[in-house]
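Subject: Structure handover

Hello,

Here is the structure for you to look at. My notes on one helix and the salt bridges follow below.

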Amino acid sequence: MGLLEKLSEWFGGGGTPATVLVLGLDNSGKTALLQAFRQPDQRNSKPTTPTGLQNQEVFQSGGVSFNACELRGAARMRALWEREYAHAEALVWVVDAADRLRLAVARDELQLAMAHPSLCARRPPPPLLVLANKTDLQNALSPTQLAAALGLERITDKAWHICATSAITGAGVPEGIAWLARQLRDQKIQKTHNP
C-alpha cells in the first residue's frame with residue numbers, strides 16, 4: 001500500500017467506493033470468504049453459519065472502499081438476486097472447486113446472472129471475479145478446469161478473472177481482491193474521462 005493510499009485511509013478518504021455482489025450456490029463458502037476479505041487481524045475465527053437473507057462486509061483494499069453484499073445461494077432464493085444487480089459495480093462469483101456434482105448448476109446460474117439486462121446492458125459492464133474456493137481440498141478442480149466448466153471463455157464483453165482460494169487459510173483472496181480493485185479503479189477513470 002502506497003503512502004498516499006495510507007494517508008487517504010487515515011484521514012477518512014478510504015478510496016473509491018464500490019458495491020460488490022457476492023454470489024454463488026449455497027455451501028460454496030461465500031460467508032467464509034466474505035470474512036476472509038478483511039485484514040487478517042480483523043477476521044472472525046468462529047465457525048460460519050448459513051447466511052440469512054443477506055450478509056454485508058465493508059473493507060478497503062487497493063484504493064477501493066468495498067461494500068460487499070452476499071446473497072443467499074439456496075435454489076429458492078436465487079430469483080431474488082436480480083433485485084440487486086442494478087446496484088452492483090462488480091460481481092464476485094464463489095464456486096466450490098471440490099463440488100463436481102453441482103458444477104453444471106453453478107454454470108447455469110452464472111450464465112443467467114451474466115445475461116440479465118441490469119448487468120449486460122451497462123457500459124462498461126461490471127467486472128467478474130470468480131473465486132474457486134476450497135482448492136485446498138484434495139479433489140478440487142484447478143482454476144483452469146473450473147473456467148472451462150463454467151464457460152468463462154465465452155464471456156467476451158466484460159473483464160473477468162478466476163483465482164484459486166481457500167476461505168479457511170485466506171490463500172488467494174488478496175490476489176483476487178487486488179485484481180478487482182484495479183478493475184474498479186480503471187472503470188472509475190474511464191467514466192471520468194468519458195462521461
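A residue counts as buried under 20% relative accessible area, as exposed over 50%, and as partly exposed in between. E89 has 21% relative accessibility, so E89 is partly exposed. Please keep in mind that this is a predicted model.

E89 pairs with K188 in a salt bridge, with the closest N and O atoms 3.0 Å apart. The two come from distant parts of the chain: K188 sits in helix α6, E89 in the loop between β3 and β4, 99 residues apart. K188 is also partly exposed, at 29%.

In total, the structure has six salt bridges. Another one joins D26 and R102, at 2.9 Å from N to O. D26 is in the loop between β1 and α2, and R102 is in the loop between β4 and α3, so this pair ties together parts 76 residues apart in sequence. D26 and R102 also belong to a salt-bridge network with D99.

D157 and K158 form a salt bridge too, at 3.5 Å. Here D157 is partly exposed, at 36%. K158 is buried, at 9%.

Now helix α3, residues 103-115. Its 13 residues reach 18 Å from first C-alpha to last, close to the 18 Å expected. Which residues of α3 are buried? They are L103, A106, E109, L110, A113 and M114. These cover an arc of only 135° around the axis, which puts them on the same side of α3. They pack against β4, α4, β5 and α5. The face turned away from that buried side carries the exposed residues L112 and A115.

Best wishes

Note on methods: Residues are numbered from 1 along each chain as its sequence is written. This is a predicted model: local features need pLDDT of at least 70, side-chain atom pairs count only at pLDDT 80 or more; totals for chains, interfaces and linings use all residues. Side-chain values use heavy atoms; hydrogens and water are left out. Helices (H or I, at least four residues) and strands (E, at least two) are DSSP runs, numbered from the N terminus. The expected span of a helix is 1.5 Å times one less than its number of residues. Buried means under 20% relative accessible area, exposed over 50%, partly exposed in between (1.4 Å probe, protein chains only). The arc is that of the directions from the helix axis to the C-beta atoms. Contact means heavy atoms within 4.5 Å. A salt bridge is a side-chain nitrogen of Lys or Arg within 4 Å of a carboxyl oxygen of Asp or Glu.
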